[in-house]
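I'm opening my notebook on this protein and writing down what I look up as I go. I'll begin with the overall picture and then turn to single residues.

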Amino acid sequence: MERVHTVVDSPVGPLTLVRIADAVCGLYMDQQRHLPDSARFGARLDAGFGDVTMQLAEYFRGERTGFTVPLAPDGTEFQRRVWAALRTIPYGTRWTYKQLAEHLGNPAAIRAVAAANGRNPISIIVPCHRVVGSDGSLTGYAGGLERKRYLLDLENPYPPGTQDGLF
């Protein structure tokens with residue numbers, strides 16, 4: 001199957017959406033780490049992305065808490081397990097890398113889980129931004145920490161341990 005892509009505007013900057021047939025296989029932010037060579041995106045074709053662009057717009061307006069578009073992430077079996085586990089983190093919730101490793105049944109695999117998290121090819125939809133450091137700090141994000149903060153604040157504007165934003 002042939003890959004095609006489009007670029008859409010968002011509150012976190014341009015997003016490159018890549019699909020194979022009807023499944024999303026990539027959602028990349030401008031200048032993110034681990035960005036594949038643009039030749040892997042396929043030809044630009046703006047048609048056929050209606051469902052995902054609509055769901056992203058709803059998400060950014062605060063009207064959507066989960067995505068239902070078909071996904072086809074390309075990665076190792078372990079990476080795909082990590083990315084599937086990311087989709088189980090509830091909207092507005094933050095997990096640590098340790099919690100994610102424990103969820104996968106391998107608490108010693110924190111570094112491997114963190115590496116797979118960083119290689120997530122379908123950001124936002126596969127919510128790798130919901131994973132934070134063991135002390136709750138915003139550690140690493142391929143799209144940049146300012147984007148991670150934006151997405152976390154969008155989902156939960158009040159930091160953990162606060163009530164209505166008041167300490």
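This is a predicted model: local features need pLDDT of at least 70, side-chain atom pairs count only at pLDDT 80 or more; totals for chains, interfaces and linings use all residues.

**Entry: the overall layout**

I counted the elements next and got five helices and six strands. Reading from the N terminus, I wrote down the order β-β-β-β-α-α-β-α-α-β-α. The radius of gyration is 16 Å, close to the 15 Å that the globule rule gives for 167 residues, so I can call the protein as compact as a globular protein of that length. Along the principal axes, the C-alpha trace spans about 50 × 35 × 25 Å.

How much of the protein is buried? I got 44% of the 167 residues. I also looked at contacts with a separation of 6 or more, and 59% of them come from residues 24 or more positions apart. For the accessible surface I noted about 8700 Å², with 51% of that belonging to carbon and sulfur atoms.

**Entry: charges and salt bridges**

I looked up the charges too: there are 18 positive and 17 negative ones, and their mean positions are 6 Å apart. A reminder to myself: side chains of opposite charge can pair when their charged atoms come close. How many salt bridges does a search of the whole structure find? It finds seven.

One of them joins the side chains of R64 and E58, at 2.8 Å from N to O. Are R64 and E58 buried or exposed? Both turned out to be buried.

Another pairs R130 with E155, at 2.7 Å from N to O. R130 sits in the loop between α4 (110–118) and β6 (131–132), while E155 belongs to helix α5 (residues 145–155), so this pair ties together parts that are 25 residues apart in sequence. I checked the burial here as well, and both R130 and E155 are buried.

Then I went to D153 and R149, whose closest N and O atoms are 3.2 Å apart in a salt bridge. Both lie in helix α5, four residues apart, which is about one turn of the helix. D153 is partly exposed, with a relative accessible area of 31%. R149 is partly exposed too, at 35%.

**Entry: helix α1**

Which residues of helix α1 (residues 50–60) are buried? My list reads V52, Q55, L56, E58, Y59 and F60. E58 is the residue I already had down as the salt-bridge partner of R64. Then I asked what covers these buried residues, and the answer includes β2 (15–20), β3 (23–29) and α5. Just after α1 I came to G62, which takes a positive phi of about 80°.

**Entry: Q79**

I picked Q79 next, which has its place in helix α2 (residues 77–86). Its relative accessibility is 18%, and the cut-off for buried is under 20%, so Q79 counts as buried. Which residues is Q79 in contact with, leaving aside its neighbours within four places in sequence? I found A116 and R119. I also checked Q79 against P90, eleven residues away along the chain, and their C-alpha atoms are separated by 19 Å.

A21 is partly exposed, with a relative accessible area of 34%.

I124 also has a positive phi, about 70°, although it is not a glycine. Where is I124? I located it in the loop between α4 and β6. Is I124 buried or exposed? It is buried, with a relative accessible area of 0%.

Technical notes. Residues are numbered from 1 along each chain as its sequence is written. Side-chain values use heavy atoms; hydrogens and water are left out. Helices (H or I, at least four residues) and strands (E, at least two) are DSSP runs, numbered from the N terminus. The radius of gyration is taken over C-alpha atoms; the globule rule is 2.2 Å times the number of residues to the power 0.38. Buried means under 20% relative accessible area, exposed over 50%, partly exposed in between (1.4 Å probe, protein chains only). Contact means heavy atoms within 4.5 Å. Accessible areas come from the Shrake-Rupley method with a 1.4 Å probe; for residues, only the protein chains shown count as cover. Lys and Arg count as positive and Asp and Glu as negative; His and the chain ends are not counted. The place of a charge is taken as NZ of Lys, CZ of Arg, CG of Asp or CD of Glu. A salt bridge is a side-chain nitrogen of Lys or Arg within 4 Å of a carboxyl oxygen of Asp or Glu.
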